[in-house]
Amino acid sequence: MRGFEDIIYYTNLKKSVNAAKIVASYYQSRVLSKPKIAGMPISMSIEPTTACNLGCSQCPSGLKQFTRPTGNLKPETFNRVMKEVKDTLIYLTLYFQGEPFINPHFFDFVKTANHHKIFTSTSTNAHFLDKKSAEETVKSGLDKLIISVDGTTQESYEKYRINGDLEKVVEGIENLVEAKKRLRKKNPYIEVQFIVFKHNEQEIPQIKKMARSWGVDNLILKTAQIYDAEQADALIPDNPEYSRYVKNSLSPTLKINNSFFNHCWRMWHSCVMTWDGDIVPCCFDKDAKYIMGNLSSSSFKDIWFGEPYQMFREQLFKKRAEIDICKNCSEGTKVWI
């Protein structure tokens, strides 16, 4: 979220009590090295779609490399989970994989969450933000919109955002900024995200200037997540400040550039739901390998407190390093503006 005023607006007594239970049970679990969970998640990511118009080289969605089915989230699936979490959920990210604006019901999802006073955010490549869509985005009540802009020229941009059109992205940003001014709305908070690679790290000063000229609210420099170690040298920037990995010429594997502990706050306060109702532990499980349950056969509450989830949480305290999705985990971002 963006500040104290958001926390106040989106939190009531029931949500506060639930959040306190989650925090207390997390620290109790760390002390005992045994999972104790009290309360429902306060944050959640729900996937509108796995489809995408781009072919980004380090994205399973863009590369069409999922082993799981591709599809769009249906309103009945979304409403089913909302019915269970609306009274305790504070923050909803309507994004996991794919381009969320492809789902024709996307704005309905935002409006439903907004009606229940849940903070909503999403991430987009901005190719669908024409004037009409930009206006509908503002009117929907979306609180935060992350827009990916990973290059300051078309040549640089399309090295990662394959099939992307930088001019169209800039036009989308300008449409959104204009719609906010015209409708006199402060939301959505517009955050430009610049993933730093070797080929674009020299463009950081320029993207900072461009972001200011567009009139967006924030710019984030984000470290790249690399899946193929053989491509690491070509992708990882020379400046270690913008890399989430430690370069090691003697090893073919990638080593994460952060501390690695046998616990994880995310397993207590958040989770991810795929477009078809699978509940997975976090956003690093992009191919939904660790499915805790599905809403078609179980309630969300039964899944959240169920044995598979508890066993997964317990494994975190013992051998987190052996969980493959944890090996690439990093919050590695730098904030500017």
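**Ground rules.** This is a predicted model, in which local features need pLDDT of at least 70 and side-chain atom pairs count only at pLDDT 80 or more, while totals for chains, interfaces and linings use all residues. Residues are numbered from 1 along each chain as its sequence is written, and side-chain values use heavy atoms, without hydrogens and water.

**Whole chain.** I looked up the secondary structure and found 13 helices and twelve strands (DSSP runs numbered from the N terminus: H or I of at least four residues for helices, E of at least two for strands). The radius of gyration is 20 Å, close to the 20 Å from the globule rule for 337 residues, so the chain is as compact as a globular protein of that length. That radius is taken over C-alpha atoms, and the rule is 2.2 Å times the number of residues to the power 0.38. I also noted that 55% of the 337 residues count as buried (under 20% relative accessible area; exposed is over 50%, partly exposed in between, with a 1.4 Å probe and protein chains only).

**Helix H5.** Which residues of H5 (residues 106–115) are buried? I listed Phe-106, Phe-107, Phe-109, Val-110 and Ala-113. Seen down the helix axis, they fall within an arc of 155 degrees, so they line one face of H5; the arc is that of the directions from the axis to the C-beta atoms. Their cover includes helix H4 (75–85), strand E2 (91–93), strand E3 (119–124) and helix H6 (131–140). After H5 comes Lys-117, with a positive phi near 55 degrees.

**Lys-144.** I then turned to Lys-144 in strand E4 (residues 144–148). Is this lysine buried or exposed? Lys-144 is buried, at a relative accessible area of 12%. Beyond its neighbours within four places in sequence, its contacts (heavy atoms within 4.5 Å) include Tyr-91, Phe-119, Pro-188 and Glu-191.

Pro-188 is joined to Asn-187 by a cis peptide bond, omega about 0 degrees, and lies in the loop between helix H8 (166–183) and strand E5 (189–196). Ala-126, not a glycine, has a positive phi of about 70 degrees; I found it in the loop between E3 and H6, buried at 1%. Ser-33, also not a glycine, has a positive phi of about 55 degrees and is partly exposed at 43%.
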